[in-house]
Amino acid sequence: ASSAQSNVAGNWIVGEQNTVIKIKQEGSVYSGRIISSDNSKAEIGKLMVQDLKKNKKGNWEGQIYSPKRKEWYDAEFTPKGEILEINISVGFFSKTMEWKKQ
């Protein structure tokens with residue numbers, strides 16, 4: 001049961017425009033791609049999460065893509081039941097987002 005709690009794999013709803021990102025295992029790491037969206041600018045199949053893996057503390061770490069800035073950012077991913085909490089830290093700034101399980 002604990003592996004279900006700590007699993008990042010699955011379909012996650014992102015933002016207000018019902019963009020769905022599917023995170024799945026590819027080799028030894030996980031990655032996430034857009035599989036559907038109500039946003040006409042969203043690119044279906046676009047890689048949004050890469051190099052996602054568990055660290056020594058049991059937390060998920062990887063990189064998330066910002067379409068607005070066209071840059072990759074280091075992030076920590078924390079599954080909490082039906083929510084995936086994503087904490088992005090850049091220098092002194094940090095931002096937390098929540099994705100909902102589809």
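Here is a walk through this structure, from its overall fold down to a few single residues.

First, some ground rules: this is a predicted model, where local features need pLDDT of at least 70 and side-chain atom pairs count only at pLDDT 80 or more, while totals for chains, interfaces and linings use all residues. Residues are numbered from 1 along each chain as its sequence is written, and side-chain values use heavy atoms, with hydrogens and water left out.

Let's start with the big picture. Here 8 strands close into a barrel, in the order β1-β2-β3-β4-β5-β6-β7-β8, with antiparallel pairing. From one strand to the next, the twist averages 35°; for such angles, axes are lines fitted to C-alpha atoms (for helices over the stretch in contact), and the angles run from 0 to 180 degrees between N-to-C directions. Strands here are DSSP runs of E with at least two residues, helices are runs of H or I with at least four, and both are numbered from the N terminus. Two strands pair if DSSP finds at least two bridges between them. Strands of a sheet pair through backbone hydrogen bonds, either parallel or antiparallel.

Strand β1 covers residues 10-14 and pairs with β2, residues 19-26, in the antiparallel sense over 5 bridges. In that pairing, G10 sits opposite I23 of β2. The two strands make a hairpin with 4 residues between them, and G15 in the turn has a positive phi of about 70°. How exposed is G15? G15 counts as exposed because its relative accessible area is 52%, and the cut-offs are under 20% for buried, over 50% for exposed and in between for partly exposed (1.4 Å probe, protein chains only). G15 and M97 are 82 residues apart in sequence, yet their C-alpha atoms are 9.0 Å apart in space.

Next along, β2 and strand β3 (residues 29-36) pair in the antiparallel sense over 7 bridges. I23 turns up again here, standing opposite G32 in β3.

Strand β6, residues 71-80, pairs with β7 in the antiparallel sense over 6 bridges, and E76 has N87 in β7 as its bridge partner. The hairpin of β6 and β7 has 2 residues between the strands, and G81 takes a positive phi near 65° there. After that, 8 bridges join β7 to β8, again antiparallel, with V90 opposite F93 in β8. This hairpin also has 2 residues between its strands, and G91 in the turn has a positive phi of about 60°.

What joins β1 to β8? The link is 2 bridges between the antiparallel strands, β8 being residues 93-101. In β8, K101 is the bridge partner of W12.

I83 counts as partly exposed because its relative accessibility is 22%. Leaving aside neighbours within four places in sequence, I83 is in contact (heavy atoms within 4.5 Å) with W12, T78, E98, W99 and K100. The C-alpha atoms of I83 and V8 are separated by 9.7 Å, though the two residues are 75 residues apart along the chain.

Finally, have a look at the largest pocket, which holds about 1000 Å³ of space. Its lining has 29 residues, with M48, Y65, S66, P67 and K68 nearest the centre. The elements giving two or more residues to this lining are β2, β5 (60-66), β7 and β8, and β8 gives the most, with 6 residues. A pocket, on a 1 Å grid over the protein atoms alone, is an open set of points where a 1.4 Å probe fits, with protein on both sides within 12 Å along at least five of seven lines, and lining residues have an atom within 4 Å of a point. Its volume is the space filled by probe spheres set on the points, which are joined across faces, edges and corners.
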